[in-house]
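My notes follow in the order I checked them.

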Amino acid sequence: MATCLVTGGAGFLGSHLCDELLRRGDRVICVDNLETGSLVNIEHIRVPEFVHLNVDITEPYFVDEPVDVVFHLASPASPIDYLRLPLHTLKVGSYGTHHTLGLAKLHRARFLLASTSEVYGDPKEHPQREDYWGHVNSVGPRGVYDEAKRYAEALTMAYHRQQGVDTSIVRIFNTYGPRMRPHDGRAIPTFLRQALDDRPITVFGDGAQTRSFCYVDDLIRGIIALAGSREHLPVNIGNPEEFTLLELAEKVIEATGSRSEIVHEALPVDDPQQRRPDIARAREILGWEPQVSLGEGLRRTIDQAGTEALLGIAR
Ligand code: NAD
């Protein structure tokens, strides 16, 4: 049994990771100050192998028991959060990552940084391979998130090269599933909420911009495989099937049986035109690839989350 520390463990992805690690027989220490996460995401976990520490990782923190693997997921992640919390986002990516890497070093633990496809910015290469350096606007409103993650990647490699920490970096592409917050501003929760309410589905711009969407179970399997590997360089994890936003809206209408119509709204600043991971490295190094199609993932999300949760109706 390994002891895993999960920063951001009360968030959307972190809580699914905690569930899966416990299911595999590991012990989990969840470190989360609930800045954008919620106790609702972990309230179902009632086993002695799980502990939640309400700690802000931008301050130095310590854990007084051995730790084998550190999964560093804490960070505001959706535009609505990092635009509201720009300085906090930069602090979590910098101080928070420093403190968490320091902890991994102290415990001689394997470390995994949850990075993002946003490090590629509005990419000029398509699909995005890990050796593409990106096209990011450092002074635009999204710069706080993109540059925090780029800094966190540089810091992770420095701890590896200079301090000998056993590090890994996953570049996560858009992921969806139960426990997404209905009002977090991302396309899938917004479209699902609107469709389930039979209200118009709001597509930014003409809807021709593309994204790829990975179901959460596939992503968690990929993250755990990467942590279990010996790889140090970044690995993309995401679903390479590409959809326009208009196609996504149509899939959501189909999965929900909604009567919603599609309407168009202004495009946000620096909204990337295309996004699709090249997952050749994940296939080769981890033997990983996604298994859940978009239609199936949407159905599972609706079934498992339930309509009330997706509509944001408080219990
Ligand atoms: P989330 O907001 O649901 O989870 C983030 C968690 O971090 C929250 O529970 C929050 O309370 C916690 N947190 C924030 N600041 C903290 C602090 N100072 N101290 C302790 N805890 C803190 O977001 P998510 O979608 O689950 O994303 C998790 C990670 O995955 C993030 O690092 C994000 O950048 C990355 N990621 C997610 C996606 C995606 O599609 N969801 C895509 C790319 C990358």
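**Ligand shell.** For sorting residues, I counted Ala, Val, Leu, Ile, Met, Phe, Trp, Tyr, Cys and Pro as nonpolar, Asp, Glu, Lys and Arg as charged, and the others, Gly among them, as polar. On that scheme the shell around the ligand divides into 13 nonpolar, twelve polar and five charged residues. I kept in mind that this is a predicted model.

How many residues surround the ligand, and which are the closest? I found 30, and the closest are D32, T36, L73, Y145 and K149.

Next I looked for polar atoms of the backbone facing the ligand. A polar backbone atom of T175 is 2.9 Å from an oxygen atom of the ligand. For S75, I noted 3.4 Å between a polar backbone atom and a ligand oxygen. At V55, a backbone N or O atom lies 3.5 Å from a ligand nitrogen. Then I checked the cover: the ligand taken alone exposes 830 Å², and the protein buries 99% of that.

Which elements give two or more residues to the shell? They are α1 (12-23), α3 (86-107), β5 (110-116) and α4. β5 gives the most, with three residues.

**Strand β6.** From β5 I moved to β6. The two strands run parallel and are joined by six bridges. One pairing I looked up is L113, whose bridge partner in β6 is I169.

Is β6 covered or open? I found it mostly covered, with six of its six residues buried. In a regular strand the side chains alternate between the two faces of the sheet.

**R171.** This residue is found in β6, which spans residues 167-172. Buried or exposed? Its relative accessible area is 7%, so R171 is buried, the cut-off being under 20%.

I then traced its side chain. It makes a polar contact of 2.7 Å with the side chain of E153. Another polar contact, of 2.9 Å, joins it to the side chain of Y120. Setting aside residues up to four places away in sequence, R171 also touches others, including S115, V119, E130, P234 and I237.

**V144.** I placed V144 in helix α4, residues 143-163. Its relative accessible area of 15% is under 20%, so V144 counts as buried. What does V144 contact beyond its neighbours within four places in sequence? I listed Y82, P86, T89 and L90. I also took a distance to H183: 39 residues apart in sequence, and 21 Å apart from C-alpha to C-alpha.

Which peptide bond did I flag as cis? I flagged the one from H126 to P127, with omega near -10°. P127 sits in the loop between β5 and α4.

Two positive phi values went into the notebook as well. L34 is not a glycine, yet its phi is near 65°. I located L34 in the loop between β2 (27-31) and β3 (50-53). It is partly exposed, at a relative accessible area of 25%.

D198 is not a glycine either, and has a positive phi of about 55°. The loop between α5 (187-196) and β8 (201-204) holds D198. I logged D198 as partly exposed, with a relative accessible area of 34%.

Terms used. Residues are numbered from 1 along each chain as its sequence is written. This is a predicted model: local features need pLDDT of at least 70, side-chain atom pairs count only at pLDDT 80 or more; totals for chains, interfaces and linings use all residues. Side-chain values use heavy atoms; hydrogens and water are left out. Helices (H or I, at least four residues) and strands (E, at least two) are DSSP runs, numbered from the N terminus. Buried means under 20% relative accessible area, exposed over 50%, partly exposed in between (1.4 Å probe, protein chains only). Contact means heavy atoms within 4.5 Å. A polar contact is a pair of N or O atoms within 3.5 Å; within protein, one must be able to donate a hydrogen and the other to accept it, and residues adjacent in sequence count only if both atoms are side-chain atoms. A residue is near a molecule or strand if one of its heavy atoms lies within 4 Å of it. Accessible areas come from the Shrake-Rupley method with a 1.4 Å probe; for residues, only the protein chains shown count as cover. Two strands pair if DSSP finds at least two bridges between them.
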